Amino acid sequence: ATLTGSLSVFSFSEISHWAIVIVSIGWLLLILKKANRTESFWIGWFFGIGYFGSNIWWIHISIESFGIPDPLIAVFLNAIFICLLAFYFSVFGISIKLLSSSKVPLLLIAPIIWLLLEIARGKFFTGFPWLVVGYTQIDSPLSGLLPVIGAYGVSFVVVCLASCLAFIVKSKILRHKAIVVLSVIPILISSYLLQKNDYTSKKNDLLKISIVQGSLPFEVRWSNSSTKLILEHYLRLSKDKWTSDILVWPETVFTKPLDLNESEVELLKSISQRTDTHLILGVPFIQTFDNKIFNSILSVSDSIDLYKKRKLVPFGEYFPFRKLLNSFYANLNIPLSDFAPGSLEKNKFIIKENIIGALICYEIAFASIVRSSLPQAELLINLSNDSWFGRSVAAFQHLQIVRVRAAELERPIIRATNTGISAIINYKGDVIESSKQFTPQVIDGIVEGRVGLTPYSKIGEFGVVFYALGLVLLSLAFRFLSTDIFSLESKK
């Protein structure tokens with residue numbers, strides 16, 4: 001089961017072979033078929049160990065580099081997190097055993113359980129919507145379904161295909177295998193044809209975008225004179241880019257908290273006004289009247305607008321149960337780890353008569369937060385700092401999620417990061433321009449905003465659950481009125 005779960009790493013970025021995750025889940029279902037209830041619980045858990053262990057092993061890098069400088073403790077904490085997440089698959093395993101039968105076959109029950117658990121993982125205990133199976137399909141024939149049912153809905157379809165694969169392997173009756181294969185083909189063909197559909201329309205307003213990726217070393221960013229050095233570095237990289245409509249710098253460009261009256265902010269405002277270039281940059285903003293610090297985006301032109309990050313990363317940007325565990329947290333050395341959350345109402349900017357949705361780092365993984373600026377937002381900006389996770393696959397996984405969000409909502413996304421991967425992504429989720437990692441670089445591109453809503457933008461993940469449940473109930477009704485062709489328990 002652990003090996004089976006580990007196969008998923010080949011479908012997530014950086015490798016991105018989309019079909020392997022279908023094999024991985026199909027194999028899990030075959031293992032569960034022969035297990036009793038207790039075994040199903042632990043098979044699910046060991047699958048989760050492989051699934052999460054092979055994909056988010058990199059969390060220990062940030063713990064060791066920025067929190068607890070002991071590699072053994074960092075790996076131990078990373079392992080605990082993986083073990084806890086794996087229990088979602090324990091629930092999947094035991095649910096399969098309790099709910100599937102000859103009357104309610106695996107083919108129907110497994111996809112809806114998977115869908116509900118993925119959504120639950122993104123909602124409960126602060127949420128961890130990383131490694132949603134639907135993310136693996138951005139370059140597959142199923143990508144046409146993303147603007148229709150979103151990543152969660154595509155996860156449902158992937159598990160349907162995995163269940164069909166398990167049925168084909170297990171069934172002894174050729175006629176039943178043929179029926180399942182023939183039922184899958186229309187799904188793949190329909191999804192492929194949907195790739196050519198546009199649910200939104202272009203605004204016909206072209207924006208010239210420049211993204212500056214500083215890739216400054218850690219010792220410079222956190223030195224005593226960091227603000228001066230960082231500003232000089234970014235101004236030097238941006239020297240020939242003040243002719244762009246929008247110039248974008250990444251998340252927490254400066255490591256020192258700033259207020260809007262700082263000399264650095266005034267200087268950037270004067271340059272922006274003189275060149276008629278709109279500057280977007282991420283800063284830790286300090287609210288002087290109560291000393292609260294926010295992870296923020298500054299929109300700098302004739303005036304200054306501010307977006308404050310709404311969804312903070314636990315243990316990275318804030319400490320849960322601060323009063324209860326204060327003595328423990330006092331021993332940690334995590335920089336910029338005491339942010340306050342911003343207002344839920346503020347989610348976009350108006351830039352050169354274009355409405356732009358704003359997202360910082362991890363927020364892009366939460367589909368409901370990304371949708372919150374629609375239908376008004378014509379494109380999205382995502383500032384991020386993936387240097388926390390070193391030279392791991394984390395940056396590639398993050399970019400994969402961003403691409404899926406663009407395809408779900410049919411909105412271009414401008415992504416600026418400190419060390420890569422910065423990118424300009426079109427409304428279909430294709431990367432138009434991208435940077436290398438850990439290299440100071442500037443990338444340019446033309447972006448065209450979009451108006452209108454995709455079907456998924458309208459229904460959201462709970463709409464997807466509603467339709468999936470409806471499909472299962474319809475299939476069950478058909479199942480009870482027909483022969484036992486879908487059950488893995490088919491007789492010879």
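These notebook entries record what I looked up in a predicted model.

**Conventions.** I number residues from 1 along each chain as its sequence is written, and my side-chain values use heavy atoms, with hydrogens and water left out. Because the model is predicted, local features need pLDDT of at least 70 and side-chain atom pairs count only at pLDDT 80 or more, while totals for chains, interfaces and linings use all residues.

**Entry 1: helix α11.** I took helices as DSSP runs (H or I, at least four residues), numbered from the N terminus. Helix α11 covers residues 226-237, twelve in number, and reaches 16 Å from its first C-alpha to its last. That is close to the expected 16 Å, the expected span being 1.5 Å times one less than the number of residues. I then listed its buried residues (under 20% relative accessible area with a 1.4 Å probe, protein chains only; exposed is over 50%). They are S226, T227, I230, L231, H233 and Y234. These residues lie on the same side of α11 because they cover an arc of only 165° around the axis, taken from the directions from the helix axis to the C-beta atoms. I noted that an α-helix has 3.6 residues a turn, so residues three or four places apart point the same way. The buried residues of α11 pack against β1 (201-213), α10 (218-221) and α12 (263-275). On the face turned away from them I found the exposed residues K228 and R236.

**Entry 2: E461.** I located E461 in helix α16, residues 455-480. E461 counts as buried because its relative accessibility is 3%. Leaving aside neighbours within four places in sequence, I found E461 in contact (heavy atoms within 4.5 Å) with I119, K123, Y152, A367, S368, R371 and Y456.

**Entry 3: the second largest pocket.** This pocket holds about 570 Å³ of space. I counted 21 lining residues, of which F156, C160, I187, L471 and S475 lie nearest the centre. Two or more lining residues come from each of α7 (106-123), α8 (146-170), α9 (174-194) and α16. By class, the lining has 18 nonpolar, three polar and no charged residues.

**Entry 4: the largest cavity.** My search of the whole structure found one cavity of 30 Å³ or more. The largest cavity has a volume of about 70 Å³. Among the residues lining it are Y51, W114, E118 and R121. Helix α7 gives the most to this lining, with four residues. The lining divides into seven nonpolar, no polar and two charged residues.

On a 1 Å grid over the protein atoms alone, a cavity is a set of points where a 1.4 Å probe fits but cannot get out; a pocket is an open set with protein on both sides within 12 Å along at least five of seven lines; lining residues have an atom within 4 Å of a point. Grid points are joined across faces, edges and corners, and a volume is the space filled by probe spheres set on the points. Ala, Val, Leu, Ile, Met, Phe, Trp, Tyr, Cys and Pro count as nonpolar, Asp, Glu, Lys and Arg as charged, and the others, Gly among them, as polar.
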